[in-house]
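Visitor: Hi, I have a structure open and would like to talk it through. Could you walk me around it?
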Amino acid sequence: MTDNKENANSLAVLTENKSMISDEDIKGDLIVDVASCEAVIKNVNIVGNLVVKSAGRVDFSGKADKIIVEGDDTDVYAISGEAEFAESKILGQNSHIITKSFADYQTVDWAEGSVLLSRDWAQGGFKMAYAVCGPLDGIPVILIHGLTDARVSWSQAAPLLAAKGLRVYVPEYKGNGKTDKPYGQDDAYSVRELTKDIVEFMDVLGIESANIVGHSLGSIIAQEMNISYKDRVRTSTLIASGVRLDTETETMDWFVNGDGEDFKGIFAYEDTQKLPESFIKAWGDTSNPDPDFRMANFEQLRQVPYYAWKALTKNLLKFDNTERLGKITGDVQIIWGSEDGVFPREQQEALLAGMINANVVFRIMKGADHSTHWCGYEVLNAIVSYIAGFAK
């Protein structure tokens, strides 16, 4: 990272396999020429051009006169609203400049916002984006998404819950959606850190307590909130949850180790810093009947930087709540799809056996897979009713 506030000359990012520059004003061209890697250019105002010579991925926010992509196999993410530039030119082969946010593929009846949280990223804090809907005086519900699902996960459920009179918040944790994505700080993506972020989010918005609903990794965060921040939790709803992530299941073995053909495993793309499209299509595959939802879901997966995929996965693989489930108390609702390939039946039995001090309701959604509330409108409506009926 370059620390000086203003550079008088052109700046070349040449020396590291991964490079970041942030919060600078540059007079002259900013040249990215790194060996098959990811470059992160955050809040940089360039009085000149952004020139990308290398292959890989570049995430750019700030201003530039032009974006010029000379490298082959290069994706430059310069999302409208975050990046401003007058012109662009692609000279390389199989290269792209992506300007449309994943969120623009859907029209959802909610408002967007963001809060500045004081914690980490070189002590400068970070922006957490969120969506919100429902009456101001409604019972508060916080919906926490899965690994790399962002707000798309709850884009169908949230308005339905709001229509039932609930005040619904959908925060996007680090690495996802429109929230900042700390670079080079894997520990910032741990379950405990992500949980602290949700609690600070509540502090900033003045939410004393809420009904916490989590899906997949979001359900793991919900478990941690129940254990460590009981006074902030009215009820806990765990959707597609488990005690730990078992890489011996067919789904997770594929995710971590690949299939030996089209996909090499989640940690195998250091050389390109880009996950293959075949993986995006397979991981994001869903029976959801809404084409806009499916498109937004695929695009959100593409827009998550590779370093965030790795950091979130590494930390989730470390998680094991086997010895802590007895600390979960209060009213807990577990919703599980019978075809869940990530957290199968054995994980549900472990959850039920371990939560000896909680009042647990266990619900099975027959035929639903790990995506659960995405599977179709019938399952969605049932889960919305369960969440609304459980809230207090």
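This is a predicted model: local features need pLDDT of at least 70, side-chain atom pairs count only at pLDDT 80 or more; totals for chains, interfaces and linings use all residues.

Visitor: Noted. What's the strand order in the open sheet of eight strands?

Guide: The order is S11-S12-S14-S13-S15-S16-S17-S18, and the pairing is mixed. S11 (111-117) and S18 are the edge strands, each pairing on one side only. On average, neighbouring strands here are turned by 20° against each other, with direction ignored.

Visitor: And S11 with S12, parallel or antiparallel?

Guide: Antiparallel, with seven bridges joining S11 to S12 (residues 126-133). If you want a pair to click on, Ala 111 has Val 132 in S12 as its bridge partner.

Visitor: Let's go to the other end. How many bridges link S17 and S18?

Guide: Eight bridges, and the two strands pair in the parallel sense. Gly 330 stands opposite Ala 358 in S18. To get from S17 to S18 the chain passes through helix H8 (residues 345-354), and this β-α-β crossover is right-handed.

Visitor: What about S17's pairing with S16, parallel or antiparallel?

Guide: Parallel: S16 (residues 233-239) and S17 pair over four bridges. There, Ser 236 stands opposite Val 332 in S17.

Visitor: Why is S17 described as largely enclosed?

Guide: Six of the eight residues of S17 (residues 330-337) are buried, so the rest of the structure largely encloses this strand.

Visitor: Changing topic to helices. Which strands does H3 lie across?

Guide: H3 lies across S13, S15, S16 and S17, and runs at about 145° to S15. Helix H2 (residues 191-205) lies across S11, S12, S13, S14 and S15, at about 105° to S11.

Visitor: How far does H3 reach, end to end?

Guide: H3 covers residues 217-228, twelve in number, and reaches 16 Å from its first C-alpha to its last. That is close to the 16 Å expected at 1.5 Å a residue.

Visitor: Is H3 mostly covered or mostly open?

Guide: Mostly covered, with eleven of its twelve residues buried. The buried ones include Leu 217, Gln 223, Glu 224 and Met 225.

Visitor: Which residues have the most contacts inside the largest nonpolar core?

Guide: Leu 217, Met 225, Trp 309 and Met 355, in a core of 64 residues. Helix H7 (residues 306-318) gives the largest share of this core, seven residues. There is also a second, separate core of 28 residues, which includes Val 108, Ala 131, Ala 157 and Ile 335.

Visitor: Last one: where does Asp 109 lie?

Guide: Asp 109 is in the loop between strand S10 (96-98) and S11.

Visitor: Why does Asp 109 count as exposed?

Guide: Because its relative accessibility is 65%, and exposed here means over 50%.

Visitor: So what does Asp 109 contact?

Guide: Cys 133 and Pro 159, leaving aside neighbours within four places in sequence. Asp 109 and Cys 133 are 24 residues apart in sequence, and their C-alpha atoms are 7.3 Å apart in space.

Visitor: Great, thanks for the walk-through!

Definitions and conventions: Residues are numbered from 1 along each chain as its sequence is written. Side-chain values use heavy atoms; hydrogens and water are left out. The expected span of a helix is 1.5 Å times one less than its number of residues. Buried means under 20% relative accessible area, exposed over 50%, partly exposed in between (1.4 Å probe, protein chains only). A nonpolar core is a set of buried Ala, Val, Leu, Ile, Met, Phe, Trp, Tyr and Cys residues joined through side-chain atoms within 4.5 Å. Two strands pair if DSSP finds at least two bridges between them. A crossover is right-handed if, with the strands pointing away from the viewer, the path from the first strand over the helix to the second runs clockwise. Axes are lines fitted to C-alpha atoms, for helices over the stretch in contact, and angles run from 0 to 180 degrees between N-to-C directions. Contact means heavy atoms within 4.5 Å.
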